[in-house]
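Dear colleague,

Please find below the structure that I am handing over to you. My notes on its pockets, its annotated positions and one of its sheets follow.

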Amino acid sequence: MSDRSAVLLQYLLPKQAITRFGGLVAGARMGAITTAIIRRFVARYDVNMAEAAEPDIAAYPSFNEFFTRALKAGARPLADATLLCPVDGRISQVGTIKGKQIFQAKGHEFSSTALVGGDATLAAQFDDGIFANIYLSPRDYHRIHMPAAGRLVRMIYVPGDLFSVNPVTARGVPGLFARNERVVCVFEGIHGPWVLVLVGATIVGSMATTWHGVVNPPRPGKVVEWDYRDQQIQLKKGEEMGRFLLGSTVVMLFPKGPWSFNPAWLGEDLGRPGSAVQLGEAMANR
């Protein structure tokens, strides 16, 4: 199937219904059937179970519990860097925010204001800052960790579409990451405010954070915000902050400053799309 046809098909598919069904199947405990599904998935996507805290496929009572499996202690050492990669995945794009515009793929950009759910005041804090978009494929570890230490300030659920977020769709759907359903997590750190966005996708049954639990479902069809400014929710660099139930993308925004990305992440002036990255490796320094 051509890229154009694959993208067109996504406009036509009942993505919400597919996602609801996928969530039901992933959460079901069906004994030998669940084990067979997981075994097939591991073989299909070449999942490395040797680095899982529980490598025995039969030990997982549901697909969701397998999919959000923990890693062995020490499997992802943390680099000595200002910002760490928060996930296992592949670079979609990284670079500098041009005013409020974030590069998605050739011919496509989206605004920081749209990404965070329309809050222009919040988005303005990242004008001319830096961003990183990282895609988590089905084979990856699907817990999300903190790229830097921070105090949780707000969380915003933004309703939206459920397009796939794979590289083909990123090249073909305008404003993809500011168009899909997402959970915007706002932190304060030693270098100012920063944002980590969990972007939903087709068959992503839910997204969860460590302080809230499952955020969606429900899917209320409107922006919902939680204010944590009167609480002291502090998370350390490298600490788990959330997880996807089936794969998706994280988008991070940081304020303007003398940032330098890990040279291995960069091409001439933008992130190297498709480059594999791992949780805990250096992302940027300041």
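The lining of the largest pocket consists of 15 nonpolar residues, 6 polar residues and no charged residues. In this classification Ala, Val, Leu, Ile, Met, Phe, Trp, Tyr, Cys and Pro count as nonpolar, Asp, Glu, Lys and Arg as charged, and the others, Gly among them, as polar.

Please note that this is a predicted model, in which local features need pLDDT of at least 70 and side-chain atom pairs count only at pLDDT 80 or more, while totals for chains, interfaces and linings use all residues. Residues are numbered from 1 along each chain as its sequence is written, and side-chain values use heavy atoms, with hydrogens and water left out.

Pockets

The largest pocket holds about 620 Å³ of space. Of its 21 lining residues, Tyr 45, Pro 138, Thr 202, Ile 203 and Leu 246 lie nearest its centre. Helices α2, α3 and α4 (63-67) each supply at least two residues of this lining; helices (H or I, at least four residues) and strands (E, at least two) are DSSP runs, numbered from the N terminus. A pocket here is an open set of points on a 1 Å grid over the protein atoms alone, with protein on both sides within 12 Å along at least five of seven lines; a cavity is a set of points where a 1.4 Å probe fits but cannot get out, and lining residues have an atom within 4 Å of a point. Grid points are joined across faces, edges and corners, and a volume is the space filled by probe spheres set on the points.

The second largest pocket has a volume of about 280 Å³. It is lined by 16 residues, and those closest to its centre are Asp 88, Gly 89, Ser 137, Arg 139 and Asp 140. Strands β2 (89-96) and β17 (276-277) each give two or more residues to this lining, which divides into 5 nonpolar, 4 polar and 7 charged residues.

Annotated positions

An unreviewed UniProt entry places the feature "active site" at Asp 88, His 145 and Ser 248; UniProt positions are given in the numbering used here, feature names are shortened, and annotations may be inferred rather than shown by experiment. These residues are spread over 161 residues of sequence but cluster in space, with a largest C-alpha distance of 14.5 Å. Of the three, Asp 88 is included in the lining of the second largest pocket.

His 145 lies in strand β6 (residues 143-145). It counts as buried because its relative accessibility is 10%, where buried means under 20% relative accessible area, exposed over 50% and partly exposed in between (1.4 Å probe, protein chains only). Beyond its neighbours within four places in sequence, the contacts of His 145 include Pro 86, Leu 196 and Leu 279; contact means heavy atoms within 4.5 Å.

Ser 248 is in the loop between β14 (240-245) and β15 (249-254), and is buried at a relative accessible area of 0%.

Sheet

An open sheet is formed by 3 strands in the order β1-β18-β16, with antiparallel pairing. Two strands pair if DSSP finds at least two bridges between them.

Yours sincerely
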